[in-house]
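Work through the exercises below with the sequence and the coordinates at hand. Try each task before reading its solution.

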Amino acid sequence: MGILDRTFSSSFLSATLLTFELTVLSMLLGVAGGVVLALLKSGPAPVRWLVDGYVWLFRGTPVLLQLIFVFNVLPLWGLNFTPFTCAVIALTLNEIAYMAEIVRGGLLGVDNGQRTAAHMLGLSELKILRWVVLPQALRLILPPTGNQFIGMLKTSALASVVSVGDLMLTAQRQAAADFDYVSALCAAALHYLVLTTVFTLVLRWAERRFDVTRRAAARRTKRPAPAAA
């Protein structure tokens with residue numbers, strides 16, 4: 001079977017869809033969890049210590065170890081999940097640790113004078129976070145988040161070790177069936193490149209969409225010049 005035949009085969013297309021679902025779901029949950037942990041970093045000392053311990057643990061151990069741990073240990077505790085769910089849990093827990101640091105860095109990148117001015121206007125902490133801090137922090141958060149998204153796509157290939165039928169496992173099984181490793185792995189590479197390209201384009205659009213500085217400059221450029229007296 002040739003590379004193009006494998007690329008457009010139903011098995012590879014199904015595996016691509018599964019890889020897409022695994023990547024997007026794990027990343028979205030990771031971003032949500034990372035935001036929560038980043039906000040908790042401003043809490044009391046015991047909470048900060050717990051957050052630091054979580055980040056230290058999941059950033060300091062391999063993703064593969066975490067995948068195998070979730071897949072093999074949770075059933076011993078009576079928690080039986082499908083391989084796909086186990087992969088989502090492990091990838092999400094790992095991603096939360098990285099996103100917490102990215103979000104925290106973005107929040108710290110907003111000048112304190114912005115918060116002070118908002119306090120003087122009588123805004124609550126929640127409104128300051130929603131209307132002042134987050135819109136400016138997004139400009140700093142989105143680029144590294146895009147890199148994490150691409151990294152998550154490639155890291156999701158590790159889910160094949162716990163029997164998730166993603167692109168990597170599909171390529172391995174087909175290559176083992178007919179010993180045509182070249183076409184199977186090249187077909188998988190093409191699918192990964194397509195997904196990476198799509199994610200990159202979407203993230204670039206998001207960066208432009210949420211770049212408040214660029215949008216403000218564009219509005220000033222479009223504003224008509226005052227009429228001469």
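The model is predicted, so local features are given only at pLDDT of at least 70 and side-chain atom pairs only at pLDDT 80 or more, while totals for chains, interfaces and linings use all residues. Residues are numbered from 1 along each chain as its sequence is written, and side-chain values use heavy atoms, with hydrogens and water left out.

**Exercise 1. Overall form**

Task: Determine how many helices and strands the chain has, and compare its radius of gyration with the globule rule.

Solution: 
- Step 1. Count DSSP runs from the N terminus, taking H or I of at least four residues as helices and E of at least two as strands. The chain has 10 helices and 0 strands, and its pattern along the sequence reads α-α-α-α-α-α-α-α-α-α.
- Step 2. Take the radius of gyration over C-alpha atoms, and the rule as 2.2 Å times the number of residues to the power 0.38. The chain gives 22 Å, well over the 17 Å that the rule gives for 229 residues, so the chain is more spread out than a compact globule.
- Step 3. Check the box along the principal axes: the C-alpha atoms fill roughly 80 × 55 × 25 Å.

**Exercise 2. Burial and contacts in the chain**

Task: Find what share of the residues is buried and what share of the contacts with a separation of 6 or more joins residues 24 or more positions apart.

Solution: 
- Step 1. Call a residue buried under 20% relative accessible area, exposed over 50% and partly exposed in between, with a 1.4 Å probe and protein chains only. Of the 229 residues, 35% are buried.
- Step 2. Define contact as heavy atoms within 4.5 Å. Residues 24 or more positions apart supply 77% of the contacts with a separation of 6 or more.

**Exercise 3. Helix H9**

Solution: 
- Step 1. List the buried residues of H9, among them Ala188, Tyr192, Leu195 and Phe199. An α-helix has 3.6 residues a turn, so residues three or four places apart point the same way.

**Exercise 4. Positive phi in loops**

Task: Where do serine 163 and phenylalanine 179 lie, and is each buried, partly exposed or exposed?

Solution: 
- Step 1. Most residues other than glycine have a negative phi. Serine 163 has a positive phi near 70°, and phenylalanine 179 has one of about 60°.
- Step 2. Serine 163 is in the loop between H7 and H8 and is partly exposed at 46%.
- Step 3. Phenylalanine 179 is in the loop between H8 and H9 and is exposed at 66%.
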